[in-house]
Amino acid sequence: ILEGLPEPPFSSEDYMMLYTTIYNMCTQKPPHDYSQQLYDNYKQAFVDYLKDTVLPSLREKHDEFMLRELVNRWSNHKVMVRWLSRFFHYLDRYFIARRSFPSLSEVGYTCFRELVYQEISGKAKDAVIALIDVEREGGQIDRALLKNVLDIFVDIGMGPMDYYENDFETPMLEDTAAYYSRKASSWILEDSCPEYMLKASFGTVSKLLSYFLMVKSLFYILLLFMQSEERLKKEKDRVDHYLHSNSEQKVLEKVQNELLLVYENQLLEKENSGCRALLKDDKVEDLSRMYRLYSKVPKGLEPIGSIFKQHITDEGTALVQQAEDAALSKVFIRKVIELHDKFMAYVTDSFQSHTIFHKALKEAFEVFLNKGVSGSSSAELLATFCDNILKKGGSERLSDEAIEDSLEKVVKLLAYVSDKDLFAEFYRKKLSRRLLFDKSANDDHERSILTKLKQQCGGQFTSKMEGMVTDLTLARENQTSFEEYLGQNSDANPGLDLTVTVLTTGFWPSYKSSDLNLPDEMVKCVEVFKQFYQTKTKHRKLTWVYSLGSCNISGKFGQKTIELVVGTYQAAALMLFNLSDRLSYTEIAAQLNLADEDLVRVLQSLSCAKYKILIKEPSSRTVSTTDYFSFNSSFTDRMRRIRIPLPPVDERKKVVEDVDKDRRYAIDASIVRIMKSRKVLGYQQLITECVEQLSRMFKPDFKAIKKRIEDLITRDYIERDKENPQLFRYLA
């Protein structure tokens, strides 16, 4: 029947007759029990058939014809085993079970394995690998045939995969490695980096998936590489496996190793098409493909991350160098924001937000954002940028949405700046000017950035700034109460419109206060407000900061009256000329009780700047102690109201000094906290823990920490161990 020769039909009666005969032979009492003989003859029937019929037919065929014959003979053998097992089923149920012999099916398959498989498997393996290579080169093959042949390698083990893995998979993997090693060595010389990756993805992975993908989810890897619906359809049709699914990962690893790992550095460093060139030319699609390929290779992304980091560092450093030009330094932060947006898009889109590239971006920005920029720090420039956005008439004219977006990005950049405390102090200085001189464009934006800073840096970072904003709200309420007080006490009215802003000392930057001799009109105003404030509280002391005050005074120049908007110092100086026509520098200084530094700025603004309200003798651009000043009655201007600003003071030096002072306190507090909890600690460990605690706000200098340790020793907070000078003890 198996050989296809003419044979009478096999009926159910024939089947029952055979089964009954075997049953009768096995159920007789010894010596008429023929179970053992039947079991032995069952095996011999397979041996004779395989030797006499199967092996000769396989030996006379080669290559694909031999594979077809092998598939046919294996299929016939399974039929033979199935039917003979049914005929001799009684043996399986009783005789074999009691004797613990191999089952009838196992005997049948073992015969095929020992007689046919052992002889033919080597030739079958070579023939299958040859056909795989043909398809790799674009040829057409019978995939169903290969699937059936490889099923023999799997099934012959009757469960374990040893025969498939040792006799086929291992040689196939070696051939795969050799094949793609040859391809890679050719492609790396001929192609650019994008072309190489295109071949690696389309020419390799799609074919490999066609060869052995069995797990449905892995089909979607194809979607990453295919560009058209037609190609997707063709690739989906080809996902008709013939290798076992266990081979999938092993083959991929071989191909990835040969195509990607072996030539990774050479591929990424290609002069005009490597990773740097792709970043430089904004080749988003090629970068995405590079990520997809190397993300599946162990540690394959690390070299790309290093190149990405270096490229960003180079671009950022170039911006820093360009910003040495004063004009370009004004747009430095805007350029940095654009740079960050650009590379963050790469991280999220091309690199799928992988942690390696987030880390590379962070480290690169930390490198160049902590360099000096045209004599300023990035912390100062960020604060100035925010000021330009948030103040009225700033250089950055943006919509509300654009302002919010810019503030969000500034806060993100601040995360890369090590001197966050320096930013906080500069920002606080500029915030104070916006709040006190009513230059803030929108209170909502002011609160919004404080919320963002609080989320980024913690509540302690913004506590003083939030206190400043709250102070202004309370000050407005206080001013309303003051006006009600004046309305109820007409005798107390000073005769001038007076607005006083009461601030909490701890929240605001420190300001220089002076014991200015005020004009009588202003003295009365101060006294009236003091009386009012004592009705509200007697436990607070008012310190008047005249340098922050402003006055609107009327100047009569001939027949024309011009309203002058000036500072308190300037107003006090001008009021002197109501009583004197001409005063010397020395006389003005004595009457105002102002320091020379402040007085020079006041007189320069009134006599040497755009609006010459005073005439200086001799006429020059600078003020000296020998000069004389007189009221310029002939002054005129087309405007009825003019603002006369004081010459700006460079506050950078004072801000830096204040920050250094605060840092000393912070280092002291950190050291004491650490020593109080640890009691005894080594020098190096103390330094390390101190740096770790303070690094969220600034990067402390080792020398500064050492100096603070010495200071704390002299103040009896800690002491050195007498036997080991590198060991410190906390003194309660």
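**Salt bridges in a predicted model**

Hi everyone, let me start with aspartate 421, which is buried at a relative accessible area of 13%, where buried means under 20%, exposed over 50%, and partly exposed in between (1.4 Å probe, protein chains only). A quick word on the source: this is a predicted model, where local features need pLDDT of at least 70, side-chain atom pairs count only at pLDDT 80 or more, and totals for chains, interfaces and linings use all residues. Residues are numbered from 1 along each chain as its sequence is written, and side-chain values use heavy atoms, with hydrogens and water left out.

So which residue does aspartate 421 meet in a salt bridge? The partner is arginine 663, at 2.7 Å from N to O; a salt bridge here is a side-chain nitrogen of Lys or Arg within 4 Å of a carboxyl oxygen of Asp or Glu. The pair links distant parts of the chain, 242 residues apart: aspartate 421 sits in helix α21 (residues 420-436) and arginine 663 in helix α28 (residues 652-678). Helices are DSSP runs (H or I, at least four residues), numbered from the N terminus. Arginine 663 is buried too, at 16%.

Now to helix α18 (residues 355-369), where glutamate 363 and lysine 359 are about one helical turn apart because 4 residues separate them. Their closest N and O atoms lie 2.9 Å apart in a salt bridge. Glutamate 363 is partly exposed at 24%, while lysine 359 is exposed at 51%.

Next, aspartate 721 and arginine 729 form a salt bridge at 2.8 Å, N to O. Aspartate 721 is buried at 13%, whereas arginine 729 is partly exposed at 32%.

Finally, Glu60, Lys61, Glu69 and Arg73 are joined in a salt-bridge network. How many salt bridges does the structure hold? There are 37. Thanks, everyone!

Key:
Helix = DSSP H or I, 4+ residues; strand = E, 2+ residues; numbered from the N terminus.
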